[in-house]
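Please open the model in your viewer and keep the selection tool at hand.

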Amino acid sequence: MNTFEKRVSVIKSLNSGNHSHLLYGLVRWLRPTTIVEVGSFAGYSTAWLAKGLQDNGFDGTVYAIDNFTLGTTADMLHNNMQLLGLANYDTIVNANSQEMKAFPACELAFIDGDHSYEGCKSDIDKAVNAGANCIAIHDTVE
């Protein structure tokens with residue numbers, strides 16, 4: 001386990017984190033400057049996305065969209081990103097993605113919010129309309 005993995009492992013996550021290396025790898029490979037993440041929770045995935053931006057060596061932004069109804073807060077997410085030295089790569093959007101008219105323009109989207117078919121489809125449509133040429137979807141529909 002590398003140093004970053006040890007540091008980020010203290011962030012509360014709703015899943016096992018098995019997707020973290022995939023997200024990081026996508027960012028390193030695709031080299032986006034703007035990422036939309038739906039369902040940020042406490043920032044575990046956000047941190048991996050932001051770390052990919054940082055390691056690419058140029059400025060970028062992860063728009064972390066969450067309505068923080070599952071026991072975390074925007075402040076918690078912000079503090080976690082600050083502790084990891086990644087706050088400059090993160091813009092927190094405290095909102096329900098279903099109520100947003102559009103997502104910010106982006107090259108990459110990670111959808112892990114509303115896990116209903118309708119919610120996932122809406123988030124994917126907004127990501128496509130925002131210009132995402134890669135959309136990663138995490139456990140969306142049962």
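Select Glu37 to begin; in this predicted model, Glu37 is part of strand β1. Is Glu37 buried or exposed? Its relative accessible area is 0%, and because buried means under 20%, Glu37 counts as buried. Display the neighbours of Glu37 next: leaving aside residues up to four places away in sequence, Glu37 touches Ser45, Thr46, Leu49, Val62, Tyr63, Ala64, Ile65 and Phe110. For a sense of scale, draw a distance from the C-alpha atom of Glu37 to that of Ala87; the two residues lie 50 residues apart along the chain, and the separation is 15 Å.

**The sheet**

Now switch to a cartoon view and select the strands. They form an open sheet of five strands, in the order β3-β2-β1-β4-β5, with parallel pairing. At the edges stand β3 (90-94) and β5 (134-137), each of which pairs on one side only. From one strand to the next, the twist averages 15 degrees.

β2 and β3 run parallel and are joined by five bridges; select Val62 to find its bridge partner in β3, Asp90. Helix α4, residues 74-83, packs on the sheet here and touches β2 and β3. The direction of helix α4 makes about 170 degrees with that of β3. Then select residues 117-129, which form helix α5. Helix α5 also packs on the sheet, where it touches β1, β4 (108-111) and β5, and its direction makes about 160 degrees with that of β5.

Move on to the pairing of β1 with β4. These strands are parallel and share four bridges; within them, Ile35 has Leu108 of β4 as its bridge partner. Show the side chains of β4: Leu108 and Phe110 point one way, Ala109 and Ile111 point the other way, and all are buried.

Which residues of β5 stand opposite Phe110 and Ala109? Phe110 faces Ala136, while Ala109 faces Ile135. β4 and β5 pair in the parallel sense over four bridges.

**The largest pocket**

Next, display the pockets and select the largest one, which holds about 440 Å³ of space. Its lining comprises 28 residues, and those nearest its centre are Gly39, Asp66, Leu70, Asp112 and Gly113. Colour the lining by class to see eight nonpolar, 14 polar and six charged residues. Which elements each supply at least two residues of this lining? Among them are β1 (34-38), α3 (44-56) and β2 (61-66).

Finally, select His21 in helix α2, which spans residues 20-30. His21 has a relative accessible area of 43% and is therefore partly exposed. Not counting residues up to four places away in sequence, His21 touches Glu5 and Trp48. Draw the C-alpha to C-alpha distance from His21 to Trp48: the residues are 27 apart in sequence and 7.6 Å apart in space.

Methods. Residues are numbered from 1 along each chain as its sequence is written. This is a predicted model: local features need pLDDT of at least 70, side-chain atom pairs count only at pLDDT 80 or more; totals for chains, interfaces and linings use all residues. Side-chain values use heavy atoms; hydrogens and water are left out. On a 1 Å grid over the protein atoms alone, a cavity is a set of points where a 1.4 Å probe fits but cannot get out, and a pocket is an open set with protein on both sides within 12 Å along at least five of seven lines; lining residues have an atom within 4 Å of a point. Grid points are joined across faces, edges and corners, and a volume is the space filled by probe spheres set on the points. Ala, Val, Leu, Ile, Met, Phe, Trp, Tyr, Cys and Pro count as nonpolar, Asp, Glu, Lys and Arg as charged, and the others, Gly among them, as polar. Two strands pair if DSSP finds at least two bridges between them. Axes are lines fitted to C-alpha atoms, for helices over the stretch in contact, and angles run from 0 to 180 degrees between N-to-C directions. Contact means heavy atoms within 4.5 Å. Buried means under 20% relative accessible area, exposed over 50%, partly exposed in between (1.4 Å probe, protein chains only).
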